[in-house]
Amino acid sequence: MPYRPKNPQGPLSPRLSIYRWHVGMVASIGHRISGLVLVLFVPLYLWLLRGMTGSEDNFGIVSAWLHSGLGKVSIWLVGVSLIYHFCNGVRFLAIDAGWGDSRDSMRLSARVVIFVTVFAALLLAVML
Amino acid sequence: MRMTKEPGSAHSGLSDWYWQRLSAVVLALLLPLPFFLLVAVYTGSVDQQGLLDILDHVVSRLLHTILIMALIVHAYAGLKVIIEDYVHIVAWRIPLIGVMLVMMSMFGIWWLAMIWAWI
């Protein structure tokens with residue numbers, strides 16, 4: 001089929017406002033959101049890495065920031081995103097390899113991934 | 001298996017898909033390590049000297065380098081798909097992907113320079 005330029009006013013590819021929501025969609029869109037969070041964390045990670053490996057004063061500044069409210073929220077957010085993206089990524093790899101790719105097992109594994117993430121999020125919130 | 005007749009302008013449907021999975025496996029193995037280290041520093045179980053001893057070991061530097069390369073491949077593949085899905089005007093899409101690529105290269109070079117500069 002030849003490529004035809006789309007109408008810019010037309011619906012976007014994942015037509016979120018039209019599809020009925022189900023757990024597989026939540027898992028997919030969660031993978032994108034957590035992936036974006038992880039990418040956005042990279043500049044912060046570089047700043048942390050530079051501070052921590054710099055002078056003792058630099059280390060102190062970074063350490064104090066990590067223990068501030070914003071620092072704790074950042075660690076929590078990136079931790080939860082990492083756990084989710086990791087678990088759901090393993091799920092995607094398994095589905096690609098043909099393990100558990102029936103509709104029922106995909107929905108079940110999506111539920112398991114979301115449950116694990118919620119549990120880890122609560123655990124991390126208590127620990128930090 | 002049904003074959004795709006028109007693979008599109010990329011001329012192959014496999015390359016992006018394959019690189020995304022390959023980098024995913026590398027990241028699944030390596031990415032938890034710096035997060036654990038960050039938490040260890042946060043809780044105080046590793047102090048600055050301990051952190052430096054871990055980070056400037058040659059094995060850490062090599063693993064860190066592999067991590068950065070896999071991260072750039074994976075982040076590029078993921079963000080490209082997101083941009084392609086939500087940005088439909090080609091005049092916006094191509095510059096956005098270009099800007100993304102330039103920024104990722106800058107961060108990658110800065111990061112590599114930092115890792116290999118530690119004495």
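This is a predicted model: local features need pLDDT of at least 70, side-chain atom pairs count only at pLDDT 80 or more; totals for chains, interfaces and linings use all residues.
Does A:Val73 count as buried or exposed?

Residues are numbered from 1 along each chain as its sequence is written, while chains are lettered from A and ligands numbered from 1 in the order in which they are written.

Let's start with chain A. There are 4 helices and 0 strands in it, taking helices (H or I, at least four residues) and strands (E, at least two) as DSSP runs numbered from the N terminus. Of its 128 residues, 20% are buried, meaning 20 or more other C-beta atoms within 10 Å of a residue's own; exposed is 12 or fewer, partly exposed is in between, and C-beta atoms are placed from the backbone.

Back to my question. A:Val73 sits in helix H3 of chain A, and it counts as exposed because it has 12 C-beta neighbours inside 10 Å. Its C-alpha lies 9.0 Å from that of A:Leu128, 55 residues apart along the chain.

Now, the two chains together. In chain A, 27 residues are in contact with 26 residues of chain B; contact here is C-beta atoms, placed from the backbone, within 7 Å. On the chain A side, two or more residues come from each of helix H1 (23–52), helix H2 (56–67) and helix H3 (69–96). H1(A) gives the most, with 9 residues.

Finally, a stop in chain B: just after H2(B), B:Gly44 takes a positive phi of about 90°. Thanks, folks!

Conventions: Two residues are in contact if their C-beta atoms, placed from the backbone, lie within 7 Å.
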